[in-house]
Each structure stands twice: as C-alpha cells, then as structure tokens.
Amino acid sequence: MTYFITQFINGLQIGAIYALIALGYTMVYGIIKLINFAHGDLMMVGAYIAFFALSNWGLPIYLAAAVSMVGTAILGVVIDRIAYKPLRDASRLSALITAIAVSLLLQNACMLLFSSSPRRFPTVTANLPTISIGNSTVNVIVFISIALAIALMIILNLFVNKTRIGKAMLAVSEDMRAAQLMGINVDFIVSLTFAIGSALAAFAAVLYLFSYPQIEPYMGAMPGIKAFIAAVLGGIGIIPGAMVGGFLLGIIESMAKAYIPSAFSQVTDAVVFLVLILVLLIKPSGLMGKPEKVKV
Amino acid sequence: MPKKKIRSYLINIAAALLVFSVVYLALQLGWINSYYRSILILICINSIMTISLNLATGLLGELCLGHAGFMAVGAYTAALISLNSGLSPYLSLTLGILTGAVTAGITAFIVGIPALRLRGDYLAIITLAFGQIITILIRSLGFTGGALGLNGIPLLTDFPLTFWMLIVTMYIVYALIRSRQGRAILAIREDDIAAEASGINVTHYKMLAFVISAMLAGVAGALYAHYQGVLTPEKFDYNYSIDFMVMVVFGGMGSITGSILAAVVLTILPQLLYGFSDYRMLLYSILLIALMIFKPSGLLGQKELSQRVFQRLGRQLWGKKAQTVPAETDIPTTVVDEDTYLTEQGSGDSGVGGSSTRGQENLPVSGTPIAEAEGKHQERLGLDTQGDEPLARKQKGRR
Amino acid sequence: MHLLEVNEMSIQFGGLKAVDDITFSVDKGEILGLIGPNGAGKTTIFNLLTSVYTPTSGDILLNGKSIVGNTTWQTVDSGMARTFQNIRLFKNLSALDNVRIGFHGLEHYSLAATLLRLPSYWRDEKALTQKALAILDIFGLKDIAGVQAQNLPYGQQRKLEICRALASNPQLLLLDEPAAGMNPTETQELMSMIRFVKEHFDLAIILIEHDMSLVMNICERLIVLDYGRIIARGLPEEIKQNQAVITAYLGNPLEEEA
Ligand SMILES: Nc1ncnc2c1ncn2[C@@H]1O[C@H](COP(=O)(O)OP(=O)(O)OP(=O)(O)O)[C@@H](O)[C@H]1O
Ligand SMILES: [Mg+2]
C-alpha cells in the first residue's frame, strides 16, 4: 500500500510537469490550431537557461527559475513571430512542417552550442527534509513541486477566466475572425499565448530537473510528446483538460513503471502511447472535449 | 490503350533504358569507382523513400514523421529472411522485398487505424510515436538482434536492382495518381469535406495511400538491408525520417521527379561537404523553415519534369526541329489527354516549376545554353508560377 | 412515396437549436426553394441531409429509406449531391478533374486495373472523361477544362461546383446559394441552366438562394425558415404576401428585393 502511495505521489509530480507543458500545447493549439512541435524543446532551452543562471551566474534557484521563464517566454514569442506568423493563412501542413523544423533547429543549435554531453543540474534540494510514508521516504521537494504547479495553474485559470485579457484569449480561440472584428488585438493575444505557454514550459523544466537533474539537447523530446498526449487526453484546446490530462498521464505512467516487470522496462514508454491510441479510438475529442463539428 | 499513350510509355521506357545503359556501362568500364557506385545505390534507395513519403505527404496531405520506421520494418523483415530462410540468395532477396513491403504495409494499416479516421493532425503524432516505439521494440526483441543489430546480411543489392526498383516505384505512384483512386487521394488533400461530398470514402483512400506509401518504404528498407549488410535500430531514428521529409519538401510536395532531384542533391551534398554532418540537421531545419516561408512548393512545386518539358526545351533551343514534335503534345486545353489534366496539377502546363533560378541550377537539364534560354524564353515557354503555392491556400476555410 | 421525406428533424449546437422540428418533402422533378434570413438554418439543413451532421432527433428518408447515420459518401452514393455556399472546389486541380472526381462513385475499375493499366482502366477513363466534358459543356466550361479551379473567375467556380455535383448522377441536387456573387446577367443565365439540367438529368432540386427574383422565378414551392423553424410554406405568390415572412425579413419587403 505504501508503495502504491509513493508511486501515486511520484505520478502526481511528473503529472504536474506534463500538465504544465501540456498547457502550452493546448493554449497554442486553441488559438492558432497548430501543434507546436517545438514546445518540448522550449522546455529544454528553459532547462539550459536555468542551469546557467544557477551555476554560472550564481543566482538562487527561485531567481534562476524566473530568469528561465522570462528568457523562454521571449524565445517562444520570437519563434512565433519569425517562423509561424508568416504562415498563419498557409496550409496546416506548411505550419506543421515549420514547427518540426523549429524543433530540430532548437535541438541542433543547442547541441552545437552546448555539446551533446549531458550537464548535471546542481542539487538544490540537498538540505530539504524528507517525509516518510510507511517505510519509504519522499523528498519534500516533490510536494513543493506539486503545490507550485497547482498554484500556477490556479493563477492561470483565474487569469484566463477573470481578466479582460484572459477573456480576450478565450474569444480568440473561439473565433479568431470574430474576435478581431470585436477589436481584439489578435497578434498581441497570440504572442501572449506563446509567452505564457513557454514560461510554463520553463517552469516545468525546473521542476523536472529537481527529479531528473540531467540536461541535454534532446531532453525535451520525450516529455514534449508525452505532454502532447496529455493535452489530447484532456481534450486539445481546453485549458482544464490539459491539467487533468497531465496529472492522469503522470499517474498512469508512474503506475506502469511500478507494476510492469523490469524485464519490460523499456516498454513503459510505450504505455503512454497506448493511452494516446485508446483516446483516439474511443474519444478523440478527449476527456473534457466536445465532439468537434466542422462548419461547412 | 490509346496509341498516343503507347508512344509516351515507350519513350519513358526508352529514357529509363538510356539512363540505365549509360550508368551501367560507366560502372562496367570502371569510370565510376566503387565509392560512387555505392552513392548511386544510396541515391536510388533514398529516391524510393522520398517518392513514397511524397505519396503520403505531398499527394495525400498527411504528415508522416516515422517513415524510417516503415523502412526499418521492411529492412528487418528482408534481412531476417535472407539470414534464416536457407533459400538461394536471389530467391530470398525477392521474397524479402515482397515480404518487407507486406509487413511494412500491415504495420502502416495498424498505425493508421486510430489516426486516419479522424480529421486533424493526429497522423503526425501517431507516426512520430511509431518511429520511437519501433526502434525501442527492435532493440528489446530478441530475434532482431537487439541493440547490436543484425550482421552478415548478404550484400545482394546492386545498381541494376535498385535502379529498376526505383523505376517501378515511380511507375506505381504515377499510375496511381492518374486514376480514379489517385484523384480521390488528391481530392482529399485539396478538401476532405468536398471529397466526401463527391462520394469518396475518405478514410478508405487515406488508408490506401498511406499503406502503399509504407509498402514502398518497406521495399526501400529491404534493399537497404542488402546494401548495408548490417542493421542497427539507431539507424532508423527520428532524424532519418526527417531526412526524407526534407527531401520531399525540398523537391516539391507532390512532385515525383522533384523527389528524385532532391534525393540526388541531398544524398550527394553531405558526402561532398567535409564536416557537414555536425551542421547537417541545423542546416536542414533552417532550409525547411525558409522553404515554408518563402517557397512552400519546393524545387518543382507540384509539377513534373516530363517529356513535354524536354520537348519544349528542345524546341526552344533548336527552333526548327520543332516540326518533329507532334502537334498534339502542345496541349490545347480542349484536347482530352490524361497527362494534360492529371499530373500537371500545377497549372495545366508542365513547365519546370518555379520562378527561382536558384532552383533551376539543380536541374539536370540546365546546361549553360538552357539556363540562358530559360531566362530569355520564360514567357514563351509558358513557365508560370501560379500553381506555385499549392499549400498556401489549402485550408483557409478550415477554421 | 416522396423522393425525400424529412420528419421532425432537429439539431442542437450547444444551447442553439439551429434546426427545430422541421418536416417537409420533395418529389421527383420538383424545384423547392429554401429561403430565410441569415443564420436561419438553411445550410445546416443541407448539412443534415448530406449526413455532414447527424440530427439530434427526427428522420430523413431518401426513396423511403432512412439515411440517418450514414456517412456523407454513402448518402452521395444513394443519390444526393450538393454544392457549398463557400465554394469548396479542389483548387489545385483542373476543372475537368474536379468533375471527374465527382464521378467517383460511378466508375468502378479496380486498383489492379489502375496499376496494371488493364483495358477496363482505359475504357472507363475515356468514357468518364467524355461524360465530364459533356457536363462542362452544358455550363459553357468546356473550353476551360484544363484550367486550375482556383484560377477560374468566381461565377465559373460556382458553375463548376454544380458540374461536380451533377457528375455523381444524383436524383436530388442541393444548391446552396449558387447565384451568390453573380451579376444579374449571370444569374439569369444560371437560372436557365438550372432549369435545363433539371429536365435533362431528371432531377429534384432544393435551392437556397437570397436572390428573390431567382427564387420566385424558378421554384415551384417555397419553404421559409427563421430561427431554425419553418414559418411559411407554399407557392411563390403566396409567400410574397405572407405577413410572417415579411416581418422575418425585418421590414425589408420582398417586393423591394425582387
Ligand atoms: N457547426 C456548428 N456549430 C455551432 N453552430 C453552428 C454550426 N453550424 C451552424 N451553426 C449555427 O446555426 C445557425 C444556422 O446557420 P446556417 O449556416 O444554417 O444559416 P443559413 O441559414 O445558411 O445562413 P446564411 O444565409 O448566412 O448562409 C447559425 O446561428 C450558425 O451559427
Ligand atoms: Mg448558409
């Protein structure tokens, strides 16, 4: 039982990370209907920025996280302006290929700049106490991570639903043309969406590094895909869906890792993809999504 | 078969034979050393991969990010048959190519089930996942040799085999596209709602194109296995899939001859540029972004280098000989001719696509005189760029 | 038996009842006009008839058989074809190919015939190309058969959509604002073409149109829709006088538009 509980808590932690990344996917998709394949790599860039802020500039962790969030947000906006904006009216396929290309660009640029050998993220959690559950212990950072992620999501929700700008975002994602006619500055809203999504990815990167303190240019790929699956699971384009999907996927994955015999350990990644396939087969609009009706 | 068709088919076969004989002779006479021979073979294999991916992406309009995965399925299938069947080498190779195509096709069918029923970009994600899983799977399964891979696969792939397999691939895709099935596939790319409203079973034809595409990738894989002699799972990773995507986009989405041109250029280029490999993916990514923004149609757009192009070029260059070119190839718009309306999706004309002279340099036809003539006679040649951004307009109505 | 029978059909989008409890029928050889202000639910009815949407309740019978739950392509196969209000042509393909794609359900040579270029391929391709050109000819589009659809002027694009729909050999043709964006001469021309194809192909037609002169002229019966409901039905003369219709058009008397 305690094993189950610790695994559950681990699942919540990784799930919180997926949820934060999934929010970026879902918000961008909601507004410009683009799967931003580079989103996972933005998280990777966030990890590098946090790393340099922490170990080269000697900033404390919370400042390093803030710097990383700001830096990644700027990068996200720049990417959108340079690569995606010219293709707003282009075909889905062109935009999608561009997103793939941006993902490659980030990975390979980082590889040339920082080499492919992994760097170790300094331990910031050494002095933190652990909490024991039965006969196993969980570092308090796990709980802090979960709490921080949830707090951030609550703030995001309040922002989107209560503020004028947040409502404008919802309006744009509902109908961009109509929103534009209502006098909403759509370009600004899109940039803001990229900024928020990227900042959340950077924050997720910092949380990720607490548990997996390795930084390398391809580190964003897997969490990126999984977070995307989380977004689809919750219902792509729906903000609360991304949160629910993220936590759910984290728990599923954690349980799979815990209860699938270690001989098949490599296959645990496949479980996540199985979830994707099942969602697409059973309810492609996701847990919280309504079936999409194209307007003809 | 109409007479005109017979002639056009014969010309195509003759052209293929000519290219083949020249290269084959050069190989036999030792003018091409073994290093370049292996590059030639690689070009053919990459061309098959690119054409097959073009079927899924350029012609059907679905993004496939795991094409190397289907190649891997074909490669491992064929290699295992060669290693274990105990049949004579060429028999097992033939069997391997066929079985490789079938297993890759079945795999694609399974991969396609969840995604192809749906509207949207799910195939991209599913194939991306598939590309990851297949390498994981190959690594963890016993009979595939695990992470060490397979060794000692007989080196049976030679230039004639790959060349003719490439010709067969070209034929299959051409033949498919100029038919009711092919038109259904193009219709889906253009507008799936209108396609369905024209009586087309969209899921069925998406699946058809996707499975054929994967089968051809399986063939390329089988050839590759017997060319390389060793297979490791890492070879077929995401970056390898991206290589082919770059070739498709660079050559022109929807253009089969464009795919070959791109495969030639992008297979040779890395070999020529020393130290290129470190920067290759970086350059590719920048190339892709630039192409998508400035020339989403790639080198040839949706157009093809066809007999008519060469005839026209010939006429421009050697004015008088024009008389030997039959008048009916001059495409008056009312003459009904499958070539006129079907493959030249670009403009109803088969001009060598594109306004960019940059692109023209890569065409095999661009000797200096042609390059000059190209500039002068652009108008008379009827080169137009109207069909140049086929993708740019496609989905406007979607939102 | 009616060709088409619609019984108490409704569809709801979230809180909006876009089509509310609609019943009507269409007989062979008839042109039925479907009019109403913007957002009345006309296009939605077409989407329901062609199985793009599934009705929340109610039934649709074509030749006495329910087509609810069919896919769109099955509905097309069973004899219904449509055009789209916001033109949906295969833009990068030639006009001829647009029409040949419309023939899809009628040509049946196999994949093997395609790949091996069997005689059935050549025979069917030739026949259907001829038929496609014949249809294009009716609408005066034969000369532009080789032109990419997106390069055609607007009026010709609308006509090409009708050609494509006709290619599937429908019994019932649904035309969604075919005259939109055309000038009066073109509209006049189109009207006679519609009459001609109705006779020539022995069709029933449902016509959505805002151009009242066209509607009043060509339709034998009219149905007026507002907020998803039928507010009037009858002969064009009757509809012209109908008070409910006049109010629905917001004090925009029909005479003025006509
Ligand atoms: N897929 C959909 N989801 C939500 N609402 C829809 C959808 N399709 C149509 N509607 C709504 O249903 C109502 C009827 O729309 P419809 O397009 O049928 O009107 P119409 O009578 O064709 O109008 P118009 O003359 O402007 O073409 C509108 O309020 C529209 O917004
Ligand atoms: Mg309408």
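User: How many residues of chain B and of chain C are in contact?
Analyst: This is a predicted model. Contact here means heavy atoms within 4.5 Å. By that rule, the residues in contact are 48 of chain B and 42 of chain C.

User: What area do chain B and chain C bury between them?
Analyst: The size of an interface is often given as the accessible area lost when the parts come together. Carbon and sulfur atoms hold 57% of the area buried between chain B and chain C. The total is about 3900 Å².

User: Which side chains meet in a salt bridge at 2.9 Å?
Analyst: Between chain B and chain C the count is 2 salt bridges. A salt bridge needs a side-chain nitrogen of Lys or Arg within 4 Å of a carboxyl oxygen of Asp or Glu. At 2.9 Å, N to O, the pair is Arg88(C) and Asp191(B).

User: Which helix gives the largest share of the side of chain B that touches chain C?
Analyst: Several helices of chain B supply at least two residues each to that side, including α1 (3–28), α7 (180–190) and α9 (202–228). The largest share is 8 residues, and it comes from α7(B).

User: How many charged residues are on the side of domain 1 of chain B that touches domain 2 of chain B?
Analyst: Between domain 1 and domain 2 of chain B the count is 0 salt bridges. Of the area these two domains bury, about 980 Å², 78% is on carbon and sulfur atoms. By class, that side of domain 1 has 10 nonpolar and 2 polar residues, and the charged residues number none.

Conventions:
Residues are numbered from 1 along each chain as its sequence is written. Chains are lettered from A and ligands numbered from 1 in the order in which they are written. This is a predicted model: local features need pLDDT of at least 70, side-chain atom pairs count only at pLDDT 80 or more; totals for chains, interfaces and linings use all residues. Side-chain values use heavy atoms; hydrogens and water are left out. Buried area is the accessible area (1.4 Å probe) that two parts lose on being put together, summed over both. Helices (H or I, at least four residues) and strands (E, at least two) are DSSP runs, numbered from the N terminus. Ala, Val, Leu, Ile, Met, Phe, Trp, Tyr, Cys and Pro count as nonpolar, Asp, Glu, Lys and Arg as charged, and the others, Gly among them, as polar.
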